[in-house]
Amino acid sequence: MIDFVEGIVADKAPGELVMSAGGVGFLLMCSNATLSDAPAKGEKWHCYTVLNVREDAMELFGFSTRQEREMFKKLCQVTGVGAKTALGVLSALPVRELSVAIVTGDLTVLTRAPGIGKKTAQRIILELKDKVEQQDVSLPAGNAAHSAVSAGSAQQEAQAALQALGYTASEAARAVSAVRDQADTVDQIIMLALRQMSSL
């Protein structure tokens, strides 16, 4: 397997880019998020990859982060979801928003992605709900989302994270308050709060 390609961005187009490395031009199919993260043509870049081998073709998919690549792999494991459909989902939904939709069972968000109807969205939730990791719905590293902090500070961080995911201040506050005695780290509070809100 080709784990990553490091080289020069030779060309960019909707849904794909070409990386020049070692005298070879690698055509990578990418999500909108990865294309946005990629630098301008002529600049050096490091891109994580997945090689998809089919009977009639070999396709190389590129990702700007390991987190996006892992979500792509998880989506490809879902019954009825192929590589290009998985890439379409990641183009329509950032990894964190997609993860929250899976954890909370939000069909409306998932069906915004091209090629994802209600039945497919239900399969994604059913098959991936237990596979989505805490880091997928937490704040990025550097925001203290993965460290144990004081109870009050953890609750504030969790509330801020929920608001960043689109919940109102009052919704976030109510959810955090409802689970504050069940956890003491930001990650745990966020996960419990999301599950609490999805059950309402």
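This is a predicted model: local features need pLDDT of at least 70, side-chain atom pairs count only at pLDDT 80 or more; totals for chains, interfaces and linings use all residues.
Local features rest on pLDDT of at least 70 and side-chain atom pairs on pLDDT 80 or more, while totals for chains, interfaces and linings use all residues. Residues are numbered from 1 along each chain as its sequence is written, and side-chain values use heavy atoms, with hydrogens and water left out.

Helices are DSSP runs of H or I with at least four residues, strands are E runs of at least two, and both are numbered from the N terminus. Beyond residues up to four places away in sequence, F72 touches V50, F61, F63, A83, A86, L87 and L90.

In α3 (residues 83–92), A83, A86, L87, G88, V89 and L90 are buried. Their cover includes strands β3 (24–30), β4 (44–53) and β5 (58–63), together with helices α2 (66–76) and α4 (95–104).

Helices α2 and α4 also pack on each other, at an angle of about 40 degrees and with axes 10 Å apart. Axes are lines fitted to C-alpha atoms over the stretch in contact, and angles run from 0 to 180 degrees between N-to-C directions. The pair is therefore oblique, the class left once angles under 35 degrees (roughly parallel), over 145 (roughly antiparallel) and 65 to 115 (roughly perpendicular) are set aside. Contact (heavy atoms within 4.5 Å) joins Q67, E68, M71 and L75 of α2 to V95, L98, S99 and I102 of α4.

Helix α2 also carries R69, which is buried, with a relative accessible area of 5%. Leaving aside neighbours within four places in sequence, R69 is in contact with M1, D3, Y48, T49, V50 and F63.

Finally, helix α9 (residues 169–179) packs on α10 at about 110 degrees, with axes 9 Å apart, which makes the two roughly perpendicular. E171, A175, V176, A178 and V179 of α9 meet I189, L192, A193, Q196 and M197 of α10.

Key. Buried means under 20% relative accessible area, exposed over 50%, partly exposed in between (1.4 Å probe, protein chains only).
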